[in-house]
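User: I would like to learn how to read pockets, strands and backbone angles in a model like this one. Could you take me through it feature by feature?

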Amino acid sequence: MFTQDKEILLAFIASTFLMVFLVIIIIVAIVRYQNRLRKHSQEISKLNIQYQEEIVKVQIENEEQTLNRISQEIHDNIGQILSLVKLNLNTVKIEKCDAQTQKKIEGTKELVSKAINDLRQLSKSLNSIHLSQQYLSDSIKQELEVINRTEEFTTELVLRGDERTFESQKQLIIFRIIQETLNNIVKHAKAKVIRVELEYGLESFTIKVVDDGVGFDLSSQHLINGKERGTGLSNISYRAKLIGASLDIDSQKGKGTAITLNMPC
């Protein structure tokens, strides 16, 4: 009887151990499956991010090629035509004309000269090769000069630290971010004052573009972590991602907007 009870106890203990062992195996299998699933999900997410980045890169490359063609067209065709117009105007003997006609001809000459100069600046701002061969501050100065000529804005460029150049593609993307920001201000902000700050630190580079315009409600722009899901600020956000920069947008209705870009050197 005692032997039978002992056998039953041993069988119970063995069964218990077997069940525990099976449970452990099942738990380990589940954990491994979850880990594989998580890893697979992370890989898919990483591939998706890389895919999106490649799409943005291709879009930017296509944009730059288009802008370069437009720049060349402005320089080779429109600029030359205006130069011929100016040359023809200069051959007109205005001393034989009455005072009113002389005034109109001189005014036309000034307008043509201004158009030639503006187109030359526009051609430079569109040409990626030209932009990558000069300091970022020089490119921004040219952009601000174009805005100043409208006589509707007061602009300021602040430079802190020792300016240095970046790899050509990165510098071009930085300039396009600033250019896009300035265009948004001119089109939508109803601002009077625009300030661009460049700060070159030992380990980081910071750009800040500030305006005193009407500002906007971040939530109404569908912003998540300072990034717009629409088309307005999304170009800036995508470009910032490509160069590993963080983007911060601070805006309130009636209090203007400040856009800050920070990237490691």
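Predicted model: local features only at pLDDT ≥ 70, side-chain atom pairs only at ≥ 80, totals over all residues.

User: Is glutamine 142 buried or exposed, and which residues does glutamine 142 touch?

Analyst: The general idea is a set of cut-offs on relative accessible area: buried means under 20%, exposed over 50%, and partly exposed in between (1.4 Å probe, protein chains only). Glutamine 142 has a relative accessible area of 16%, and therefore counts as buried. Contact means heavy atoms within 4.5 Å, and, not counting residues up to four places away in sequence, glutamine 142 touches Gln121, Lys124, His130 and Gln134. A contrasting case is isoleucine 129 in helix α3 (residues 128-132), which is exposed with a relative accessible area of 52%. The C-alpha atoms of isoleucine 129 and glutamine 169 are separated by 9.8 Å, although the two residues are 40 apart along the chain.

User: How many helices and strands does the protein have, and what pattern does the protein follow along the sequence?

Analyst: There are 6 helices and 7 strands, and read along the sequence they follow the pattern α-α-α-α-β-α-β-β-β-β-α-β-β. Of the 265 residues in the protein, 32% are buried. Among contacts with a separation of 6 or more, 67% are between residues 24 or more positions apart.

User: How should I read the largest pocket, and which residues lie nearest its centre?

Analyst: Rolling a probe the size of a water molecule over the atoms shows where empty space is left. On a 1 Å grid over the protein atoms alone, a cavity is a set of points where a 1.4 Å probe fits but cannot get out, a pocket is an open set with protein on both sides within 12 Å along at least five of seven lines, and lining residues have an atom within 4 Å of a point. Grid points are joined across faces, edges and corners, and a volume is the space filled by probe spheres set on the points. Here the largest pocket holds about 470 Å³ of space, and among its 20 lining residues Leu122, Leu126, Glu143, Gln179 and Asn183 lie nearest the centre. The elements that give two or more residues to this lining are α1 (2-91), α2 (99-126), α4 (136-148) and α5 (168-189), and α5 gives the most, with 9 residues. By class the lining of the largest pocket has 7 nonpolar, 6 polar and 7 charged residues, where Ala, Val, Leu, Ile, Met, Phe, Trp, Tyr, Cys and Pro count as nonpolar, Asp, Glu, Lys and Arg as charged, and the others, Gly among them, as polar.

User: What lines the largest cavity?

Analyst: The search of the whole structure finds 1 cavity of 30 Å³ or more, with about 40 Å³ of space, and its lining consists of Ile177, Ile178, Thr181, Ile207, Val209, Ile259, Thr260 and Leu261. The elements that give two or more residues to that lining are α5, β3 (204-211) and β7 (257-264), and by class it has 6 nonpolar, 2 polar and no charged residues.

User: Where else does a positive phi occur in a residue other than glycine?

Analyst: Most residues other than glycine have a negative phi. Lysine 190 has a positive phi near 55°, and lies in the loop between α5 and β2 (193-200). Glutamate 151 likewise has a positive phi, of about 60°, and lies in the loop between α4 and β1 (154-160).

Conventions
Residues numbered from 1 in each chain as written. Heavy atoms only, no water. Helix = DSSP H or I, 4+ residues; strand = E, 2+ residues; numbered from the N terminus.
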